[in-house]
Amino acid sequence: MNELTYTLLADGTSDRALMHIINWLLNDLFPKMPITSRFATLLNRKLDERIENAIKFYPCDVLFVHRDAENESYEKRKNEIERFWKDAKMNNERMIPIIPIRITETWFLINEQAIKLASGNPNSKIKINLPKISELEKFKTPKETLFNLIREANDSKKRNMKNLDLNNCRQRVAENIESFALLRELSSFQKFEHLLQNTVFELSKK
Amino acid sequence: MVTYILVLKYVDEDVFIEKEELISQYSNFPDRKKNLFFEKSSQWANAVLKGGASTNKFISTDKEKQTINLYQDKRGGRQYTYPMKKLRRTVLSSATAEYPTAYVVKKEMMSWMILQLEVSDMRKSDDFETRHNATLSETGKYLAATAYRLALENDNDKFYQTLVNKLSALVDNIKSIEVEKDDKRSFLTLFLKFRDGMELPARYLSDGTLRFLALAVLVQDNKSGNLICLEEPENGIHPAKIITVINLLRDIAFDTKSKEIDLLNENLLRQVIINTHSPLVVREVPESNVLVAEIKEYFDEKYDTKYKAAIFRPLNNTWRTNCIPEFYDYKVRALNLGTLLAYLKGENEENEVKTKEKKVKERQDVKENLKLF
């Protein structure tokens, strides 16, 4: 395929960091395919409206729809999204669900150096205890863990914590992860990659 | 009507010319008119597009021989050949009057201005001697001398009153503007006089006022360049007055839709290019005048690598998307509506910080009533 334009529709604005993962994967699978990427910023609350507006205002070849699995199963979330997609589809766009188990932050708990950099303390001597990859999808508190690891790595007295921007930390962590290959051990990521590969192959046939 | 193409190559920390071309693509008036896609009056087209050289190639590149050639305007005219590797400047920049089209294009491009108005320069008084042929410099020097020359060349009172009227849209209570000569030291100084009697020389005027004055003077100066570039005209301007600045910039440019053409006194080709970060500016400009700069990824077959480059996206359904200029080899893709709307709205949830005290926008009286204004 010559080039790909995609739009990411996510649960929240901090999930924009997922674009680093999407771009890494697309570049890894299709290194010669230039990508144009957009993040849909929309105020609607309901998923069906959001999906409809995403392709209306951010036309693309592929719409990535992100939903955290949280307490539901991958399949349940996938069905939810697909139900709304059927009605919203306009031209010949494809839709690929991204459903991290349990939430987006899970996919960023894979690289110690990235956490140190995000904490603002690149030479931190603090030992960063990341959960084992094999246990990652069962992990109950990925978000709190991510924040805590960053705080610990920062290793400053409480008042100096002002330098720490936890709001944007997901972005900072994601930016500093060069390879997301470790995620291929996670079932939710495997499903995502599989769907992505099939979709792009389908699109190249046209 | 000519097209100038310059392709530079950056290799080993040095810059080379890979291609230089000056051509006239359309040899007759109807073709030229057809291939200028913006809206224009036939009066303007007639005044601007007729005539020209009998040949259509003025500078061309011979890839095999690695030379760049400069041609005269007439058939069978002389040709000058430059070896590409030895060139330290463009061929266009070396054109002399013997190569009339290339020469005129060179002079034209040399007249283009990038205004980087410096307050310190605009505040200066000018030596009386500089009044001959004084023009506003890129930093705003010679503002006083230029105004003085223009007042002399035109109707003195009309010139200054026009400035007063324009500036009054920005600043209240202006009575008059004048450039006065200090007889002792022969300096020219610009003065602003207010209705309450206060008189301020240029060195006491604010940055915003001086920038505005400089632009207002440019509107009336036909000797100034055909292209004026200005960065972020919104800087230092009250939001409610941004429209005033945009209007002034529009006055500097020649309106190609205009049916009244005064060849002698007007600059038919004058254009203005600005860059901006302000949604307030973007809202006010005509839709086909907007190009949104983005970084886009491409793939290069020759070097087998992805790379990024700037792309300038027009808005959908304007003449810019309804035509495809022949010399572009990519399809121009319009800006998507979502990006435009998010930009115009201006809010950025991601970087928001929760404050202990209510933010201005969170006040109840603001939230409830903002939609009424």
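Two strands are taken to pair if DSSP finds at least two bridges between them. By that criterion, in this predicted model, strand E1 (residues 4-9) and strand E3 (residues 62-66) of chain A pair in the parallel sense, with 4 bridges between them. Within this pairing, Thr7(A) has Leu63(A) of E3(A) as its bridge partner.

E1(A) and E3(A) belong to an open sheet of 4 strands in chain A, in the order E2-E1-E3-E4 and with parallel pairing. Strand E2 (35-39) and strand E4 (94-98) of chain A each have a single partner strand and stand at the edges, so one side of each is left without a neighbour in the sheet. From one strand to the next, the twist averages 20 degrees.

Two helices of chain A lie across strands of this sheet. Helix H1 (residues 18-29) of chain A lies across E1, E2, E3 and E4 of chain A, and its direction makes an angle of about 150 degrees with E1(A). Helix H2 (residues 47-57) of chain A lies across E1 and E3 of chain A, running at about 155 degrees to E3(A).

The loops that follow E1(A) and E3(A) are also linked. Arg67(A) forms a salt bridge with Asp11(A), and the closest N and O atoms are 3.3 Å apart. Arg67(A) is located in the loop between E3 and helix H3 (74-88) of chain A, and Asp11(A) in the loop between E1 and H1 of chain A; the pair, 56 residues apart, thus links distant parts of the chain. Over all chains, a search of the whole structure finds 29 salt bridges.

Chain B provides examples of antiparallel pairing. Strand E1 (residues 3-11) and strand E2 (residues 14-23) of chain B pair in the antiparallel sense over 9 bridges, with Leu6(B) standing opposite Glu20(B) in E2(B). The hairpin of E1(B) and E2(B) has 2 residues between the strands, and Asp12(B) takes a positive phi near 50 degrees. E2(B) also pairs with strand E3 (residues 57-62) of chain B, in the antiparallel sense over 2 bridges; here the partner of Leu22(B) in E3(B) is Ile59(B).

Further along chain B, strand E8 (residues 174-182) and strand E9 (residues 187-194) pair in the antiparallel sense over 8 bridges. Glu180(B) has Thr189(B) in E9(B) as its bridge partner. E8(B) and E9(B) form a hairpin with 4 residues between them, and Ser186(B) in the turn has a positive phi of about 45 degrees.

The two chains meet at an interface in which 21 residues of chain B are in contact with 20 residues of chain A. The size of an interface is often given as the accessible area lost when the parts come together. Chain B and chain A bury about 1700 Å² between them, with 41% of it on carbon and sulfur atoms.

Across this interface the rule finds 3 salt bridges and 8 residue pairs in polar contact, both residues of each pair being at pLDDT 80 or more. Strand E13 (292-300), strand E14 (305-313) and helix H10 (337-345) of chain B are the elements that give two or more residues to the side of chain B that touches chain A. H10(B) gives the most to that side, with 6 residues. By class, the side of chain B that touches chain A has 6 nonpolar, 4 polar and 11 charged residues. One salt bridge joins Lys296(B) to Glu3(A), whose closest N and O atoms are 2.7 Å apart.

Notes
Residues are numbered from 1 along each chain as its sequence is written. Chains are lettered from A and ligands numbered from 1 in the order in which they are written. This is a predicted model: local features need pLDDT of at least 70, side-chain atom pairs count only at pLDDT 80 or more; totals for chains, interfaces and linings use all residues. Side-chain values use heavy atoms; hydrogens and water are left out. Contact means heavy atoms within 4.5 Å. Buried area is the accessible area (1.4 Å probe) that two parts lose on being put together, summed over both. A salt bridge is a side-chain nitrogen of Lys or Arg within 4 Å of a carboxyl oxygen of Asp or Glu. A polar contact is a pair of N or O atoms within 3.5 Å; within protein, one must be able to donate a hydrogen and the other to accept it, and residues adjacent in sequence count only if both atoms are side-chain atoms. Ala, Val, Leu, Ile, Met, Phe, Trp, Tyr, Cys and Pro count as nonpolar, Asp, Glu, Lys and Arg as charged, and the others, Gly among them, as polar. Axes are lines fitted to C-alpha atoms, for helices over the stretch in contact, and angles run from 0 to 180 degrees between N-to-C directions.
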